[in-house]
Amino acid sequence: MRSLIVLAFIGFGAQLVDGSLGMAYGVTSTTLLLAAGIAPAAASATVHLAEVGTTLASGAAHWKLGNVDWRVVRRVGIPGAAGAFLGATVLSNLSTEVAAPLMAIVLLALGVYVLLRFTLWGVRHAPDRKPLGKRFLAPLGLVAGFVDATGGGGWGPVGTPALLALGRMEPRKVIGSIDTSEFLVALAASLGFLIGIGTAGIDAGWVLALLAGGLVAAPIAAWLVRVIPPRLLGSAVGGLIVLTNTRTLIRAELIPVTGVAQTAVYAGIVALWVAAIAWSWKAHRAASRVAVLAQDKPEAVPAD
């Protein structure tokens, strides 16, 4: 019972972050399930089955608040579903000995990306008038879907920054559209895992616990996306993912450190994590002061 409650809180926290950032539900949840000793394919399948419900609820909440561009959802979501099914099939046919470190490496890379992306660059708002067409969205969806299924997460970390970087959509619509299209990705990945591994290693109670927490958080996150500092959340979540997956790789002896050296690695990651959060908070405060100044005295803020 205690483990189910913990999983519900994990689902709540992961969905709160995902619905606010447009990323990190799968990466966060899968990282914690792997740390609990679940086989990689079963962990990714568990998370994606829960995501079928959480992404549906999140998409509905974002739609009601006007955060969804349905053309983008269609153009990125359908190729994403194809990539996710392919990725689930690939992961289902890998042995646990090969899949566990491989997934940890993918998750670590995604964690480093999320950490650096939000700590150093924040959210880009620069205008860009280039059309957002199928030639860009279809390959993006295909790659993001494949990474999402094989890594247990990655749809948001790949898709959200790519759309934000274009500057063609409001950040809230980027996040809402990516969250909504993820329903197709989660559905396709779940189907791929069920065909590939059946229900082996998948605990229905764990799926329901993650789902319950995510359903509670979905409408809250859709509202918070308007007010929460995404830069701060991105740094916090990225650091957690990096720390947890580094631990997995050290235990698998793919990072050859022991004793004092191992402690030093963990301490270094924690120090960088704390510094990243502090830097993001400072950058957010500075950006807020500039925004206030621009509203009060537009002529005092230099033009870009």
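The questions and answers below set computed values against their definitions.

Tutor: This is a predicted model, in which local features need pLDDT of at least 70, side-chain atom pairs count only at pLDDT 80 or more, and totals for chains, interfaces and linings use all residues. Residues are numbered from 1 along each chain as its sequence is written, and side-chain values use heavy atoms, with hydrogens and water left out.

Student: Why is His-62 called buried?

Tutor: Its relative accessibility is 0%, and buried means under 20% relative accessible area (exposed is over 50%, partly exposed in between; 1.4 Å probe, protein chains only). His-62 therefore counts as buried. His-62 lies in helix H3, residues 40–64 (helices are DSSP runs of H or I, at least four residues, numbered from the N terminus).

Student: And why is Phe-146 called partly exposed?

Tutor: Phe-146 has 31% relative accessibility, so it falls in the partly exposed class. Val-90, with 35%, is partly exposed too.

Student: Where do Phe-146 and Val-90 lie?

Tutor: Phe-146 is in helix H6, residues 134–151, while Val-90 is in helix H4.

Student: What describes the packing of H4 and H6?

Tutor: Two packed helices are described by the angle and the distance between their axes. The axes of H4 (residues 70–92) and H6 come within 6 Å and cross at roughly 35° (axes are lines fitted to C-alpha atoms over the stretch in contact, with angles from 0 to 180 degrees between N-to-C directions).

Terms used:
Helix = DSSP H or I, 4+ residues; strand = E, 2+ residues; numbered from the N terminus.
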